[in-house]
Amino acid sequence: MTIDYQEKIPNNVGLGEDRRLRRALERWLPGYQRWWREFGPVDSESLDVYLRTAISVEAGGWANYGYVRMPDYRWGIFLAHPEPDRRVGFGMHAGEPAWQEVPGEYRAELRRLIVTQGDTEPASVEQQRHLGRTCPSLYDLRNLFQVNVEEGRHLWAMVYLLHGFFGRDGREEAEAMLERHSGDPDRPRILNAFNQETPDWLSFFMFTYFTDRDGKYQLASLAESGFDPLSRTCRFMLTEEAHHMFVGESGIRRVVQRACEAMNEHRTGELRVHGVIDLPTLQKYLNLHFSASLDLFGQELSTNAANYYTMGLKGRFQETRIDDDHRLADALYPVPEVRGDAAVMVEAPALTAVNERLRDDYVVDCQRGLGKWNRTIRDAGIDFELRLPRRAFNRKIGAFAGIRSTPEGRIITEGQWDRRQAGWLPSAEDQAYVQSLMAPVTEPGKMANWIAAPAKGIDGKPIEFEYLRFD
Ligand code: BYC
């Protein structure tokens, strides 16, 4: 059954009554559709995919499942319900009523935040566009497409804010979002991690675990914003983000499980002859994606971040639950600093350290998945532990950008790094091996040899459900 959604653009922002907004979006739509055809998932035009489509923000309203022909997906615009009498929660305007319009004096900063956030969404779709050709199962292919359409919707969410609240320059920024492309040497995406390729499914699972989790923390901080439409948009986006991180966490767990099964079956850790991804290779991919995602939080000490905070535009993670003055006038926060060949912790003004604090929250959250994966390894009776590298490792932004470090955080010379890095990050050979495993498996219920079956299917359906129908 193909669901016939009544509205062209499901929304709860009063699109029907807002002619100006409708016209701006209608003008943007053909460019978006062209972008989706040219830069969205390859070979997906004629597929019927069992997807969920958000059609309202009520409980269950975002979880409507049905077969959807991919280009006909209804990208909707949703804000979480308003909180009555919501106030700015932090910064110099703490306690004032939250803004329903853009405060003129903060317009440039707010626009920059929204554009940076928005830019990542289509970027990730571009990064993942070829993965459909090598899906390890129909279940995984469906999840990939679900992630892709929801990232598309997240772009819509930011474009709605630009169109709805920023006038002409907002419309120009919305256009530019379709003109920058991941990895484009002339017009790249704004943040570095979104210009890297996602060339294989192991990278995809790592990306959805580590990089989408940066999304969770950034969106959560923006959800604290005094600009209420941004806050409400981000709160709804977070409900979708959870599924993306589930795809990553469960995907990596299944790769780990398959590695353990193969190790026990063949009584060796050398799994490449058996067409399975060995745990040391997995650790290298983890090192790469974790360190790249750490960079996404910006510098340890950032006047941009301090300004966003003081202005009331971007808060800390779960700001309202923190028990302090929410102004950070005199507070201190520990940040790392490189002194000679050692990293030391120093006390810095908490206000300029909000990026670092968010990064700290993120690292704790990342660790949870490792706990689960390591339990899978332990349960299989195998003596191996996956670890997060220390934050000095392989950094391009912040205090550690200029130094080399081992995954354990020991600062080393450039020469030592050159000799040893192939043991820590995926080498050309590792990448070629992982790439060699990527062959499509499209028979319902079947899995590629390098990954275990999921624990259960989607929407209560069995694993062998036909999650996609080919024309
Ligand atoms: N790459 O003061 P600093 C997601 C620049 S992911 C390139 O430390 P700030 C998703 C910075 O622009 C979440 N440049 O930076 C996940 C600044 O330039 P200027 C995305 C960088 O501004 C998966 C200079 O360096 N959302 O949603 O405090 C799939 C000084 O830096 C980078 C957001 O990021 C970098 N990594 O912090 C789909 C939220 N880092 O001023 C989606 C919005 C820094 O000298 N963005 N720079 O020209 C922000 O809040 C901030 O822009 C950042 C950077 C946290 C990213």
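Biologist: Is Ser137 buried or exposed?
Modeller: Ser137 is buried, with a relative accessible area of 1%, where buried means under 20% relative accessible area, exposed over 50% and partly exposed in between, computed with a 1.4 Å probe on protein chains only. This is a predicted model, in which local features need pLDDT of at least 70 and side-chain atom pairs count only at pLDDT 80 or more, while totals for chains, interfaces and linings use all residues. Residues are numbered from 1 along each chain as its sequence is written, and side-chain values use heavy atoms, with hydrogens and water left out.

Biologist: Where is Ser137, and what does Ser137 touch?
Modeller: Ser137 is found in the loop between helix 2 and helix 3; helices (H or I, at least four residues) and strands (E, at least two) are DSSP runs, numbered from the N terminus. Leaving aside residues up to four places away in sequence, Ser137 touches Arg254, Val441, Lys446 and Met447, contact being heavy atoms within 4.5 Å.

Biologist: And what does helix 3 pack on?
Modeller: Three strands form an open, antiparallel sheet in the order 2-1-7, with strands taken to pair if DSSP finds at least two bridges between them. Strand 2 (64-69) and strand 7 (468-469) stand at the edges with a single partner strand each, so one side of each has no neighbour in the sheet. Helix 3 (residues 138-165) packs on this sheet and touches strand 1, strand 2 and strand 7, its direction making about 50° with that of strand 1; angles run from 0 to 180 degrees between N-to-C directions, and axes are lines fitted to C-alpha atoms, for helices over the stretch in contact.

Biologist: How many bridges join strand 1 to strand 2?
Modeller: Six bridges join strand 1 (residues 48-53) to strand 2, and the two run antiparallel. Within that pair, Val49 stands opposite Val68 of strand 2.

Biologist: Switching to helices, at what angle do helix 5 and helix 9 cross?
Modeller: The axes of helix 5 (residues 201-222) and helix 9 (residues 354-379) cross at roughly 140° and come within 10 Å. That makes helix 5 oblique to helix 9, given that angles under 35 degrees count as roughly parallel, over 145 as roughly antiparallel, 65 to 115 as roughly perpendicular and the rest as oblique.

Biologist: Which residues make that contact?
Modeller: Among them are Tyr209, Phe210 and Arg213 of helix 5, with Leu358, Asp361 and Trp373 of helix 9. The residues of this contact of helix 5 with helix 9 divide into eight nonpolar, three polar and six charged, where Ala, Val, Leu, Ile, Met, Phe, Trp, Tyr, Cys and Pro count as nonpolar, Asp, Glu, Lys and Arg as charged, and the others, Gly among them, as polar.

Biologist: How many bridges join strand 3 to strand 4?
Modeller: Eight bridges join strand 3 to strand 4 (residues 342-349), which run antiparallel, and the bridge partner of Val335 in strand 4 is Val346. Their hairpin has two residues between the strands, and Gly340 there takes a positive phi near 65°.
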